[in-house]
Structures are given as C-alpha cells and as structure tokens.
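Work through the exercises below with the model open. Each task is followed by a solution in steps.

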Number of protein chains: 2
Amino acid sequence: MKFCSHCGHTVVFEVPTGDDRPRHLCHSCGAIHYVNPRVIVGTLPYLGDQVLLCKRAIEPRYGLWTLPAGFMENGESSEQGALRESWEEARANLRVDDLFSVYDIPHINQVYLIYRGELTDTEFGPGPESLEVELFDEKDIPWQEMAFPVMTETLKHYFNDRAQGQFSLHRGVIKRKL
Amino acid sequence: MKFCSHCGHTVVFEVPTGDDRPRHLCHSCGAIHYVNPRVIVGTLPYLGDQVLLCKRAIEPRYGLWTLPAGFMENGESSEQGALRESWEEARANLRVDDLFSVYDIPHINQVYLIYRGELTDTEFGPGPESLEVELFDEKDIPWQEMAFPVMTETLKHYFNDRAQGQFSLHRGVIKRKL
Ligand SMILES: [Zn+2]
Ligand SMILES: [Zn+2]
C-alpha cells in the first residue's frame, strides 16, 4: 500500500497513537488503513460414501485437487458463501449439515470455515476455475495430489469421524512448512 | 475508496472481466481492490459460576456491556487474537476450553469467533477501551444493557449449555433489526 485510498496522498507505515503495531497511515486526511485476515469459505460435499473434489484450473496449485472454497464476500453469511463457492467451482448443490472445520493459517492471514453437506443432485461439473470435478471413495482420494494442507486435514477428520459414526467440529492452526 | 492504493490513480467501481460483482478497479495499474468481511475474535471468560463482562469505554455502544472481543489481526490465529483482546480490554488471562460460537453478521460484513475459557487468575481489570470489568452471576447479567446481540446470544447459549452439563459449538446469523 503506497497511496491513501481516501485522498490519494502518500501513506506512511508507522504505529498510530494509542496503537501497538504499525499501520498504513495518511497524514493528509488522517485515515488509518487496517489490513485484516480474510475468510475462506468452502464445503465438504458428500454423496453416500463418496466426497466431491475439484481439480484446480487456476494458480496457485494448478492441476491439484481441493474441496470447493473461496474468499467470503461482503453481504453474505459464511454458509451462503460456502454454497456460492460450491456452485461456482463445482456446479454442486448441497444441503448443509453443519460447520465442520475452522482452521487458521496465520502466515498467510487466512481463516477457513468449511461446511459439511450432502449433494442434493448429481448435476455437478467443473466451473471456470476447475478442470474436473469428481466423486471419490475414501480409498481413491488423491492424497499426494492435494492442493492445500487445510483440505487434507479436513478430509482426514471427515473419514475418521465417519468411521466412528459421529461428526464434530474440528479446528486447528496450519503452520508454515519449514 | 476513491484512489488506487498501489498507484494513486482514481479508481472506478465496476464489474471486472470474468467476475460477477462490482469491485474497485484501477484502469491505470490494473489492480482490483477486493473488500472482504472482517473477523472479530473474542472470549467468554468464566470463573466458577460467573462470567466476565466489560463495560465499553468507546463508541459504538459506549457504557454498555460486552464480552472482550475485537478485530483479528494479520499474523495471529483466531485463538491468539481472542486471548490478545481479552488482555487488552479486560486484563484477563484465561485457558481456552474450546471454540464456542461462530456468528455471521452479513449486513456489517463481520464474522465472530468466540472462545470459551476459564480465568487463570483474578487480576483482571479495565484496559483502555473499558470503563469497568466485572464477574457476574447468571441472575445479575445486565441483559438490558448489553452492547451487541451476538454477545447476548452467546451468553444465553452458554448458560443453557451449562445447565444441561454439556457445551457445544453454536452458530448462527445475526440479521439487521427491522
Ligand atoms: Zn488520505
Ligand atoms: Zn492503480
């Protein structure tokens, strides 16, 4: 951030009075430009024993598999956003059972909220950001070709909970790979 | 948003190619300035049968009561942020039991994540954004002087769960009052 989005003046990066960390400040109009983590909303869509995955048609992680998810938009609830992303990426319609996982990824300033839900039809297919959309049995999940650790974690918890016959909320922190 | 924070040029508000909603676009440098919901992190601190509330020393809702909470910062997990806010607003130290509530407030573009946890000492007291910090029994909660519906909902679920002897995650959407 170099310029004030309110007045166009150059911003500085310094600690505002009464604050404890540097922000982008405009000394011309007085605006403080806060930058906060973003929320990624998505779903774990299942049908019978199978779960739905999307093969990414965009960077990062082009060609790798993921659950449908994307940035939450203003004006929507996280569940609405998760359903919107499921439609956009996988043309998937589903009925949400519950919130299934909440993951923080502090080093990229993201919070993931993933809802678990059953597909209500089999009319799914790739949206513009997916190459393929497919249902997988647990034994066929492409574990070595998953795009994001947060999705791998979520899937592992799903299959584990399913085996135990009870689903609960899972949360955690995904740390930077060393 | 009137000016591009990257190059200082005037931005326009229109639908980018391939998108489905208007964004702030810079035709000079090509930047698209996304605006997304913000995450509010907080805690429900308890000690024995009592819960900790803060009387707000800032607007909005000056003088009304709330649970300690504030905007999640970049680089922290939601739990870390919740503990940070508890310290900043209430000088409260606590040991987190679990994530307790997840609320969307779409009309103000906020997602609340509230963690439940026991105070580890009684050295709490008002930080700069609080007038008073106090422990309340359920019967003494100032229900008519609560600052935010999301906190009232969270407290009601807490006392209800406690009466039933089992805590679970609560989620919901807070709608605009009509
Ligand atoms: Zn300015
Ligand atoms: Zn620009």
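**Exercise 1: a salt bridge within a helix**

In chain B, R84(B) and E88(B) both sit in helix α1 (residues 78–90), four residues apart, about one turn of the helix. Helices (H or I, at least four residues) and strands (E, at least two) are DSSP runs, numbered from the N terminus. This is a predicted model, where local features need pLDDT of at least 70, side-chain atom pairs count only at pLDDT 80 or more, and totals for chains, interfaces and linings use all residues. Residues are numbered from 1 along each chain as its sequence is written, chains are lettered from A and ligands numbered from 1 in the order in which they are written, and side-chain values use heavy atoms, with hydrogens and water left out.

Task: state which of R84(B) and E88(B) is buried or partly exposed.

Solution.
1. The two form a salt bridge (a side-chain nitrogen of Lys or Arg within 4 Å of a carboxyl oxygen of Asp or Glu), with the closest N and O atoms 3.2 Å apart.
2. Buried means under 20% relative accessible area, exposed over 50%, partly exposed in between (1.4 Å probe, protein chains only).
3. R84(B) has 13%, so R84(B) is buried; E88(B) has 26% and is therefore partly exposed.

**Exercise 2: the zinc site**

Task: find the geometry around the zinc ion (ligand 2).

Solution.
1. Donors are N, O and S atoms within 2.8 Å of the metal (3.2 Å for Na, K and Ca).
2. The SG atoms of C4(B), C7(B), C26(B) and C29(B) coordinate the zinc ion (ligand 2) at 2.3 Å.
3. Four donors count as tetrahedral if all angles lie between 85 and 135 degrees.
4. The angles here are 99 to 118°, so the arrangement is tetrahedral.

Conventions: Four donors count as tetrahedral if all angles lie between 85 and 135 degrees; four count as square planar and six as octahedral if opposite donors are over 155 degrees apart and all others between 65 and 115; anything else is irregular.
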